[in-house]
Amino acid sequence: MNSSQRSSSGASLSPRSPSSSQPFLSVSVSDPVKLGNGVQAYISYRVITKTNFPEYQGPEKIVIRRYSDFVWLRDRLFEKYKGIFIPPIPEKSAVEKFRFSAEFIEMRRQALDVFVNRIASHHELRQSEDLRTFLQAEEETMERLRSHETGIFKKPSDLMQIFKDVQSKVSDVVLGKEKPVEESDAEYEKLKRYIFELENHLAEAQKHAYRLVKRHRELGQSLSDFGKAVKLLGASEGNALGKAFSELGMKSEILSVKLQKEAQELLMSFEEPLKDYVRAVQSIKATIAERANAFRRQCELAETMKLKEINLDKLMLIRSDKVAEAEREYHELKAESEQATKTFETIVKLMNEEIGRFQEQKTLDMGIAFHEFAKGQARLANGIADAWRSLLPKLEACSSSQ
Amino acid sequence: MMNQDHVLHASQDDEMESLVLHDDNGNGNGNGNDSSGNIQQPSQSPKSPFNSFLDPPSYAEAIFTSFDSNGHDQTLEQSSRSGTGSGSGSESDCMQISVSDPQEEQELTNSLVPGGSSYHTYLITTRTGKSEVGVRRRFREVVTLSERLSEAYRGYVIPVRPEKSSVERKVMQKEEFVEQRRVALEKYLRKLVSHPVIGKSEELRLFLEVQGKLPLMRTTDVASRMLDGAVKLPRQLFGSESVAVDLNDVTQPARSGRDLLRIFKELKQSVTNDWGAAKPLVVEEDREFMDKKDKLMEFEQQLSNVSQQAESLVKFQQDMGETMGELGLAFVKLTKFESEEAEFESQRVRAADMRNVATAAVKASRLYRELNTQTIKHLDKLHEYLGTMLAINNAFSDRSSALLTVQTLSSELASLHSRIEKLEVAASRIFGGDKTRMRKIEELKEAVRVTESAKICADREYERIKENNRSELERIDKERQSDFQNMLRGFVVNQAGYAEKMAAVWEKLAEETSTYSSNNS
């Protein structure tokens, strides 16, 4: 896979190494700090923006943001840029929040960093005003915007309903039940089916990846317990054999630590990317829903417009004095209808571009994840082999001293 | 005993696994994995186990050179040890036992009720040098053998026989249960045969060689009926008329039924001992023995602990392998999915990547399973020694009951003497003698004589058992040292070898995905 295939946008994908003549926008999310107490506790992140965009204040700006700010940004982009696959953010997770373990915080930080960087490298999204606000505005401004939006916006449950509608409509079409308000684009149907099935497959892979992490932890714990028990046995044995047991026990404990470490690596470098992939697919599903809405609206308006046209002709025929009003309404509706059509067509065009970009991006993301996975497992296996191998000469020494 | 079955389950997922590997074999992969997709028995393990990128000599090689063609570690093979010390010896010393061919037979009863119960017999083949003997035995006869050995060889650490386990019998499938029993019997008989003393016993020889019904009585305690008056020794202690003492009885621990009275006496004595009301007439166990016993108890506890942890370890190792396999399968499905009607080149590339991941995961999963099968074999030694600890405890109780007998007889002697004394004092006060009392004194004196000879026997028996205990502990200690050494070595070599193989699998995947590494941007 050569580098020209890697990005269809002109932006550099390694935002840390920009060239001064090219326009660049580089963002980092770092330094998570826990604030507040008890139920009100939250994590704040430092967001550093380095850019030469003229619309931005200065070459560098640092702001403090929290999770809900990222959610705001995502929701705004979703509203404004219909048709574009908005990068996903990590889930809300009500349970983990209370624990706020170091691993959870780091994973979330990483995911948020990836999120913002994807926006910053998307040729359209990076020009968003909302992004600018997010990256530059003072904390008070963000707070105001954040609380202002939560009332208006769709709740997740509404989105779920939309997903369900789309899902049922897709299956309806698959089953051959024609509903007039649906697109009849065969290619698009194929895409929809692909997306829905892909989510299932990915979710399964992610599930097993998560379990694999757990297995590493469990095996690590088991080795630790085993090592302790073996050490005790060695102590009660005494003599050279006892020493051999003790050595074995110590090695087991060392390996236990390696396993725990690898478990964390696995979680961050393999399982999380898979989860991210699933989220990305879910984001596409949301876009699919938007497209369906836009299509329906376009059709409805076209219908209404036709009726209005017929009505207008009728009025004109009988020379009614309502003609002027009706004519005005008709023209308004026509404009709306054209707008709706334009909206819909934009979505279609954007989606077509996005899907290619998405596939490429995912191949790259997963390729990296696979590579890290392989490296991690190889590292672990070699560590285990080395540890046990180093024990053998000691065992020989113990037995020869018999 | 660790259940090996849960390691060797076959699933229909293997079909999918083989899909992956079939394509992979075309790449000339030298892993030598069997592409039939069936679960591997360790004996069918890689024929050409070495990948070209493993540096020779590696410990993967070490594993496979220490295995014979069956894939079993030579050091683990239970060909009988001929006595202590160096192996081989004369041909006749080397007995090979195998238990096979379980067959169901009908119980012959003369009862009028139709439909008798059935039982299984097993073919027991003994190979000594060039000759071979085979007999059919049922489990009941094994129980008889074990009981007779316990009686005849007190103080020895006699391998514990397989359980009757009626619960398991009800729960398991018949074939499974019979197979489990067959394996257990084989292990048991092999252990018996390799015991330096028991292996040469007449009881064992009869069991292994005599065709037809086993010519051993179920137990010397034939008439275990409450009403049986044939209580020889205890009757002496009861103080009724003298009866010839069967000195053999002294050499046996008290048993239920006819030995009831003896049991009561000995019980009283042991209570006396415990409460320390009367000073024990025989010096309590020697210090060295008590220390050794304590140490052994401590050891047994630790061993049991390790054994438990080992079982857990095996379980978690297996879980790891299973999950890895499931992950591999998920990726196989993804690969298929993305390959079918791929619209973009990037999809095809990703599908190829996923296929590599799937292959690696499936291979690793198999390696885990193989590793586990071997681990179970090695760590099974721990379980085995828990059984030995049980046998040692039995040997110790032989000693305790022998001691108890000695002490009981001592007490009796003491009490007889004091009664004689009292009677003599009372009788001397009467001028002309007291005919009744004189007769009584004569009786008691006769009892004393008998009891004294019994005590001499009991003493001798006790000393004999003590010596058996001692020499057995010494023997077992040596064996245990070498057994555990081998176990440790086997376990470690196994772990190292398989870790190496797994590293190779993952390194290959890392290489295949190296275009994505951060060094390559």
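**View 1. Domains of chain B.** Chain B is divided into domain 1 (95-102 + 118-213) and domain 2 (288-520), with bounds from an automatic or database domain assignment. The model is predicted: local features need pLDDT of at least 70, side-chain atom pairs count only at pLDDT 80 or more, and totals for chains, interfaces and linings use all residues. Residues are numbered from 1 along each chain as its sequence is written, chains are lettered from A in the order in which they are written, and side-chain values use heavy atoms, with hydrogens and water left out. The centres of domain 1 and domain 2 of chain B, taken over C-alpha atoms, lie 21 Å apart. Contact (heavy atoms within 4.5 Å) takes 12 residues from domain 1 of chain B and 20 residues from domain 2 of chain B.

**View 2. Arg154(B) between the domains.** Domain 1 and domain 2 of chain B bury about 1,200 Å² between them, buried area being the accessible area (1.4 Å probe) that two parts lose on being put together, summed over both. Arg154(B), Gly155(B) and Val157(B) supply 52% of the area that domain 1 of chain B buries against domain 2 of chain B. Arg154(B) also forms a salt bridge with Glu461(B), closest N and O atoms 3.6 Å apart. A salt bridge is a side-chain nitrogen of Lys or Arg within 4 Å of a carboxyl oxygen of Asp or Glu.

**View 3. Chain A against chain B.** The two chains bury about 5,900 Å², 72% of it on carbon and sulfur atoms. Phe226(A), Phe370(A) and His371(A) supply 10% of the area that chain A buries against chain B.

**View 4. Lys190(A) and Glu343(B).** These residues form a salt bridge, with the closest N and O atoms 2.7 Å apart. The interface of chain A and chain B has six salt bridges.
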